[in-house]
Amino acid sequence: MSSPENLIIEADGGSRGNPGQAGSGAVVINADTGEVLVEVARFIGVATNNVAEYLALKAGLEAAFNLNEDARVLVRMDSKLVIEQMAGRWKIKHPDMIQLGAQVQAIARGKQIRWQWIPREENSRADALANKAMDESADSTRSISNSVAKAPIAEFNQSMPSSVRAPDQVTEQLTTVVLVRHGRTHLTESKRISGRGGENPGLSELGRSDAKAVASAVQQIGVSGPWSFLAPVSAIVASPIMRTQETAKIIADALFLSVSTNENIAEISFGDWDGFTNDEVAEKWPVEMADWRGSWTIAPPNGESLEGFDARVQLGRHQILKEHAGKTVVVVSHVMPIRGFMKAAMDANAAVYWRPQVAPCSITIIRFWGDQAAEIVTLNATSHL
């Protein structure tokens, strides 16, 4: 069995007394299958929580690189101190931590490692191992190499198009695009048209709640759950409009990533119709609306046609695929740009711009090999809401 290329480390440490009897635990997981590969429990003796957490991380890194010294690793811990210090955003000041931090940094040097803070309740496996070490006052290591790796989904190819009907001369890098529609605003809730160049509202209270829910779901991509077989998210891109920026920031905070902006994935402009309901538009602009329905070239008054919008959003898609080639990238956008990505993936015509539903804070996942091939993983997923 070949060594896994993508690994996840979950690590935790505890001290009963702080300082007191301490233990650490680490779990190494195959990021592509979700299979637990190694479990490590270490009894430390008398130490602080922070010392135990650093020793847990050290044990996890050593176990991971024993499996594959060239692996790409995502470290997940509920210790914000350790994650921020290892990511280089916080300085290590405590004398006990400086030495341990240097040991961990020596192991990590030259490796492909991402650092992610997670809530305590999502780190239960490592916590249980740390408590096991304290309860038994003993070390233990369990390698689960003989277990059968579960297939992520039937007929899934990790790096190439899965269908045998797909083109076989694919040379572009795979980029996995996780499309997230923004959360609700007061215009969304009142069923009013909201495009580019209109009022530009922020998220409502319900919208912020939805954004937190989708952030938790995106956090699990490449880790656990229905999309554990994908590579973890490593970048976030958002439309410049406020509701997408706010949604992206909530996701970014959960993943400890930054947000870049792409102007070309902003929502279509509805011009003079922005802020009105569909019924109000039909009453005030009956002829214009009738001509606009189903048209590729006709725009709302002072708005944007599908033809012009599609050219813009496909440019944005190309920019994102080029900049984030080979990665899993979250793209936080709007109904119409998300449908534009679907159009490219399905090689569809204009009808794709009004047929699929795209709910607030829904997730659509598409794998692109440039313009050579594409594969849709899920459309409009909302089970996390």
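This is a predicted model: local features need pLDDT of at least 70, side-chain atom pairs count only at pLDDT 80 or more; totals for chains, interfaces and linings use all residues.
How much space lies in the largest pocket? The answer is about 1,000 Å³.

**Confidence**

Colour the chain by pLDDT. The mean over the chain is 92, and 97% of the residues reach 70 or more. Next, select residues 146-151, where pLDDT stays under 50. For this segment the model has six contacts beyond four places in sequence.

**The largest pocket**

Select Ile193, Phe270, Asn278, Val335 and Arg339. Among the 37 residues that line the largest pocket, these lie nearest its centre. Then display the helices α5 (186-189), α8 (278-284), α9 (286-292) and α11 (335-346), each of which supplies at least two residues of the lining. Of the elements, α11 gives the most, with three residues. Colouring the lining by residue class shows 18 nonpolar, eleven polar and eight charged residues.

**The second largest pocket**

Move to the second largest pocket, whose volume is about 670 Å³. It is lined by 28 residues, and the closest to its centre are Asn6, Arg72, Ala231, Gly326 and Lys327. Here the elements to select are strands: β1 (6-16), β4 (72-77), β5 (112-117) and β11 (363-369) each supply at least two lining residues. By class, this lining divides into twelve nonpolar, nine polar and seven charged residues.

**The nonpolar cores**

Select Leu57 and Val75 as entry points to the largest nonpolar core. Within this core of 35 residues, these two touch the most other members. At least two core residues come from each of β1, β2 (20-30), β3 (36-47), α1 (49-67), β4, α2 (80-86), α3 (95-108) and β5. The largest share is that of α1, with ten residues.

With Leu57 still selected, show its surroundings. Beyond its neighbours within four places in sequence, Leu57 is in contact with Ala11, Val75, Met77, Val82, Met86, Val104 and Trp115.

**The cavity**

How many cavities of 30 Å³ or more does the structure hold? There is one. The largest cavity has a volume of about 50 Å³. To locate the cavity, select its lining: Leu74, Arg114, Gln116, Val218, Gln219, Ile221, Pro232, Val233 and Leu255. Both β5 and α6 (205-219) supply at least two of the lining residues. The lining comprises six nonpolar, two polar and one charged residues.

**Histidine 182**

Finally, select His182, in the loop between β7 (175-181) and α5. Is this residue buried or exposed? His182 counts as buried because its relative accessibility is 3%, and the cut-off for that class is under 20%.

Now display the residues around His182. Not counting residues up to four places away in sequence, His182 touches Thr188, Arg243, Thr244, Thr247, Ser333, His334, Pro360 and Cys361.

Definitions and conventions
Residues are numbered from 1 along each chain as its sequence is written. Side-chain values use heavy atoms; hydrogens and water are left out. On a 1 Å grid over the protein atoms alone, a cavity is a set of points where a 1.4 Å probe fits but cannot get out, and a pocket is an open set with protein on both sides within 12 Å along at least five of seven lines; lining residues have an atom within 4 Å of a point. Grid points are joined across faces, edges and corners, and a volume is the space filled by probe spheres set on the points. Helices (H or I, at least four residues) and strands (E, at least two) are DSSP runs, numbered from the N terminus. Ala, Val, Leu, Ile, Met, Phe, Trp, Tyr, Cys and Pro count as nonpolar, Asp, Glu, Lys and Arg as charged, and the others, Gly among them, as polar. A nonpolar core is a set of buried Ala, Val, Leu, Ile, Met, Phe, Trp, Tyr and Cys residues joined through side-chain atoms within 4.5 Å. Buried means under 20% relative accessible area, exposed over 50%, partly exposed in between (1.4 Å probe, protein chains only). Contact means heavy atoms within 4.5 Å. pLDDT is the predictor's confidence in each residue, from 0 to 100.
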